[in-house]
Amino acid sequence: MTASRWCQRWPERDPSQPGQPMPAWSYADPSERFSPRGYEVQPIAEAVAKPFVTSRHYLRSYPAAVHQFGLFRHGELIGVAVYGNPAQDKVLTNPLPDLEPYTQSLVLQRLVLGPTEGNAETWTLGQCRALLLDEGLHAVITFADPAWGHVGIIYQAFNCIYLGTSKTTTTIWLPDGTCLDERTMQKIRAQERGHAAAERRLVSFGARPMRAGEKPHEWLRQALLDVKVTRRRTPGKHRYAMPLRKDVKVYKRDRNGRAVRAHRDPSRYPKPSPDLFAAMGVPL
């Protein structure tokens, strides 16, 4: 969901058409409450979640997932929420130092809804919250990408704690238009589980196979050159903390870099840019 009464939806792309998918828009009248009749959220396997996400999400990739939940309408899968591991521990430990990363805290990596009623996002998050609590999760960190018009309206509606923006980053795009995320590259550097599949993917685009005894980080550097990846600078993402329990303490950095308690403050929530949405043809 992005701004005002408009929700961004991602229809399945035509595989014969290269390039980024174009979002569809669903009108969400605030006077109409979402009716959960016929809807349900339940855990699903990666084999079910992955094709749904990669065929719709603008990054066209699947993250390091721990939990996957599907939104079903009368038995049909129409949405997926993916909670998983960040590229670095500090994404979790900086704002949530009292929680055990990866077991008590995770990142909401993907929230993808196809065409459905407006205002379905927050209801889906509420259902996921109950399921995550059953799994021992205490809090979730999530991001909203302003490059795609997102400021985190659904997280604001869910009373999340705003933590400011992350640093400007560089994203790496492969020749087929998919994003090679930092977590995948870290698997190669550290030779973690899943590194072999990531390496084979780069080899399929023209990188040479890794030689015996070669340092993985050096091979990755050369592989990115061989593949001729595209690098794009992206602005910092809006960060939100989503406590699942009332006793969770959330922290942020002040101007001097010190960790201080963060509290809900709706006055700090970022607002959508009218100019951006006018350019996208979306009325506010």
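View 1. S3 and strand S4 (residues 65-73) run antiparallel and are joined by five bridges. Within this pair, Pro 43 stands opposite Phe 69 in S4. The model is predicted, so local features need pLDDT of at least 70 and side-chain atom pairs count only at pLDDT 80 or more, whereas totals for chains, interfaces and linings use all residues. Residues are numbered from 1 along each chain as its sequence is written, and side-chain values use heavy atoms, with hydrogens and water left out. Strands (E, at least two residues) and helices (H or I, at least four) are DSSP runs numbered from the N terminus.

**View 2. The open sheet of seven strands.** The strand order is S3-S4-S5-S6-S7-S12-S8, with mixed pairing; two strands pair if DSSP finds at least two bridges between them. Strand S3 (39-43) and strand S8 (161-165) stand at the edges with a single partner strand each, so one side of each has no neighbour in the sheet. On average, neighbouring strands of this sheet are turned by 25 degrees against each other, direction ignored.

**View 3. Helix H1 on the sheet.** Helix H1 (residues 46-54) lies across S4, strand S5 (76-84) and strand S6 (105-113). H1 runs at about 100 degrees to S5. Axes are lines fitted to C-alpha atoms, for helices over the stretch in contact, and angles run from 0 to 180 degrees between N-to-C directions. Contact means heavy atoms within 4.5 Å.

View 4. His 238 lies in S12 (residues 238-243). His 238 counts as buried because its relative accessibility is 10%; buried means under 20% relative accessible area, exposed over 50% and partly exposed in between (1.4 Å probe, protein chains only). The side chains of His 238 and Tyr 162 are joined by a polar contact of 2.9 Å. A polar contact is a pair of N or O atoms within 3.5 Å; within protein, one must be able to donate a hydrogen and the other to accept it, and residues adjacent in sequence count only if both atoms are side-chain atoms. Leaving aside neighbours within four places in sequence, the residues in contact with His 238 include Phe 143, His 150, Gly 164 and Pro 270.

**View 5. Packing of helices H5 and H6.** Helix H5 (residues 182-190) and helix H6 (residues 195-204) pack at an angle of about 105 degrees, their axes 8 Å apart. The contact is made by Thr 184, Lys 187 and Ile 188 of H5 and by His 195, Ala 198, Glu 199 and Leu 202 of H6.
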